[in-house]
Structure formats: structure tokens, C-alpha cells
Amino acid sequence: MTSPVRLALLGCGTVGSEVVRLLHEQSADLAARIGAPLEIAGIAVRRHGRDRGDLPVDPALFTTDPLALIKSDDVDVVVEMVGGIEPARTWLVEALRAGKSVVTANKALLAEDGGALHDAAAEGGADLYYEASVAGAIPLLRPLRESLHGDRINRVTGIVNGTTNFILSAMDASGAGFAEALEEATELGYAEADPTADVEGFDAAAKAAILASLAFHTRVGAADVYREGITEVTAADMASAKAMGCTIKLLCIAARGTDPQGRETVSVRVHPAMIPLSHPLASVGDAFNAVFVEAEAAGQLMFYGRGAGGAPTASAVLGDVVAVARNRLAGARAASESAYADLSVRPMGEALTRYHISLDVADRPGVLASVAGVFARHDVSIATVRQGSAEAGSGRGEDADLVIVTHVAPDAALAATVRELRGLDTVRSVTSVLRVEGGV
């Protein structure tokens, strides 16, 4: 065995504590896999004195000065599990420029300014690994940037947020509304006290940016991702999806395409969508994650598993630690960032998709023709129409429910269609608009 590889851990919360436990419990195996033992040089925390239970670590290793720990000559690898943009960005850029490899689970920082980290890694000749930033323990990012590096990926579709998947799965199974399902998710610990980042799609959008960057060899940031959350999904939407043989999932979708001038582009979006029950992602329930990759040579691949939680995320962190430690001992480094394609990100309006539109309309002759005329004016083709009378006791008088599913069209044309429908005298209200994916 050679000299130990010394780790600076930034953060000792849910994930950091599990990393410490696994380092202790699996120390012999990890040393055998690497060729040298792993040792903790220090652990940066916000404050001393917090009760950390029976965590197997010397209390003297805790410090409230992360920058001094990072700059220490006694540190080889920095493992960041704090999250957020600053001061994490400052810490990691400092470490990478000094030639210290970095392992991070910080999806927000990678999506906001991953380019700065990659540039610092290139400047310092250090490794930057971040498997734990997307889909927890699921081996996903390394296959994208290594195993499939010889292939051409055309599309990545995924369920990458366990909280929203639990909520939508509960709504589908029980017929509950969004508020009820969110309350259940909170009680079970799947949702944070403030669930905004999850239910409004911010978490999934950050992960979508990371996936698109790797899949398409292009720097994609969070600002490039179109985002919608699930707060407007209703029990009625779920019932309508079931009637079509579908379910509703919050999807991240990254796909190659071409712009009107024929130049290759990518589109990246996060939004709830109906998918057929026959689609592999439809059966992904509870708080699980799954990502469906479509490549030219490899075909269709799916990665599935626990997408969050202390132990699963710590597993991914340690996998990266082993990789960077082995590289360090070998005097090598991993392949640098691959952003050679530098494709432009297509605006959402140019993305090709389909809509499921529910309308409350006046129940009289000519209404369907006037509605169909709106679609025709925007060059949107109608795939199916389903009409029914208003529910008894609804107080809506001579109204009817009209459900229309379109063929594929540019999202801008579909959105313009919905805007015009809202202004028709015969349309009482547009009660629901959902996108449809997966060949329904």
C-alpha cells in the first residue's frame, strides 16, 4: 500500500454523514480497490458542537473554515456535499485550480456554472466527478460520458425527481388531488417543508441541463431549460389520462433536432406530460427515478433505481472518490469536458410536441366547427376529439366537456391555439392543457 489519499469533506448532513459511515465500514475494501487507504483530513461544517450521534469520526477533524481545509497541503481530494451556488463555487474553483480533484453532488452549481468548474479543472489538471448530482445511486452520468462516448445519443427522457414522482404516482393510484398527495409525501419524508424546488421543477431542470450537456457535448445551463412544475396537475387530468391508457409524469426531455435553417440544435425541457402505459417510464412509481436513453448504435437503454436519499447518494459519491483516487495514484486524470459540439439550444416554441386540451364549451350546434377552425388557423392537426355533457349538478347549464389531442406541432403554434381558444365566445374555459409524449 502507498501513502493514504486524504479527503476534505465539505458538509456533514444527510449525505455527508453516510459518506463518513461508508468510509469507516468499507475502509479495507476501498483501500484494496484503490491501492491505497482513504483518510479524512477534515470535515467542514457550519458550526461545532452539533450532536452527530455515533458518527465514527474523531471530533477534532471538524472545522468551520472550509477554505483553510481546502488549501491545506494535506488534502488530495475535495468532496463537496453542501449544495447551493456560493460559497461552494468559490471553494471548488480554488481546489481544482490547485490541482486537487473534486467530487460533488451539487446539481444546482453544475447547472448554473458548470463551465467555471470544468475550466478550473482543466487549468489545474484535476478531475471533476459528479455522478451523485443526478439520479442518486443510479450509474448514469459515467455511462453517458464514457460508455456511450463512441455513440450518438439522440434523446434522453427521464424521471429525475423522486418527490414529484411519488406525488403523481399517489394521485394516479388513489384519485387524490395535488394538495392531498403533497401532504402525504411530506408526512412520509419524501417532500421538504418547502417543496418549491421539487414541485415547480427547478430540481429536475438542473438535472436536465447536466444530462443534456453530457449527451450532446454542449454546455447547457439551467437558464436554457424550459420548466413547468406539477402544481396545476389535477385529479381530473389523471382521470383523463387513464381514459386514454396513459399516466402523467414530470419528465425531463433533451433531444437533438434542427432549426428552421436546417442547423443541428438541442432542446431541453421539463414539464408534466401524459405517456402511454406501454412506455417503460410509465411503470416507474413511488420515489424512484429512471432515465430512458435513445442512441443510434446502442438503441434504447433505461437506467432505474433510487434517485435520492443519504445512502444511495453516498454510494455514488464514493464511487467517484474511488475513481479520482485511482487516477491520482496512477498519475493520470479522467477525460476532460467534452463540449466540442457547441450546439445552440432551441427555444421551447420550436420544440415539437403534442397537446391534450380540455375545454368547457357551450353545448350547441357549430361549437365543434368553431373550435376546429382555431386549430386549422394555426396549422395544428387534431388527432382525436372526445365530447361529453357537463356533470349533473355542476351548475354550468347547457355546457359540454370537450377533450382534444393534437398531432405533433411546434409548441409555439400549440400555445397560440390555446390562447385563441380562451377568447372564443363558445369556450367557457380551457380547463387543462398537458403535453403528450411517447407515441400516444
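Leaving aside residues up to four places away in sequence, V20 touches L9, I40, I43, L55, P56 and V57, where a contact means heavy atoms within 4.5 Å. V20 sits in helix 1, residues 14-25; helices here are DSSP runs of H or I with at least four residues, numbered from the N terminus. V20 counts as buried because its relative accessibility is 2%, the limits being under 20% for buried, over 50% for exposed and partly exposed in between, with a 1.4 Å probe and protein chains only. V20 and P56 are 36 residues apart in sequence, yet their C-alpha atoms are 7.3 Å apart in space.

This is a predicted model, in which local features need pLDDT of at least 70 and side-chain atom pairs count only at pLDDT 80 or more, while totals for chains, interfaces and linings use all residues. Residues are numbered from 1 along each chain as its sequence is written, and side-chain values use heavy atoms, with hydrogens and water left out.

In soluble globular proteins, nonpolar side chains tend to be buried together. A nonpolar core is taken as a set of buried Ala, Val, Leu, Ile, Met, Phe, Trp, Tyr and Cys residues joined through side-chain atoms within 4.5 Å. The largest core has 80 residues, and V78, L140, I153, I167 and L211 touch the most other members. Helix 10 (residues 202-216) gives the most to this core, eleven residues. L140 touches E131, V134, A135, L211, V291 and F303, again not counting residues up to four places away in sequence. Another core, of 35 residues, lies apart from the largest one and includes L23, I40, I43 and A132.

The model also has pockets. A pocket is an open set of points on a 1 Å grid over the protein atoms alone, where a 1.4 Å probe fits, with protein on both sides within 12 Å along at least five of seven lines; lining residues have an atom within 4 Å of a point. The largest pocket has a volume of about 1500 Å³, volume being the space filled by probe spheres set on the points. Of the 50 residues that line the largest pocket, T14, V15, V82, K107 and E192 lie nearest its centre. Helix 10 supplies the largest share of this lining, four residues.

The second largest pocket holds about 550 Å³ of space. It is lined by 33 residues, with H118, Y130, L214, E337 and S338 the closest to its centre. Here the largest share of the lining, nine residues, comes from helix 5.

Conventions. Helix = DSSP H or I, 4+ residues; strand = E, 2+ residues; numbered from the N terminus.
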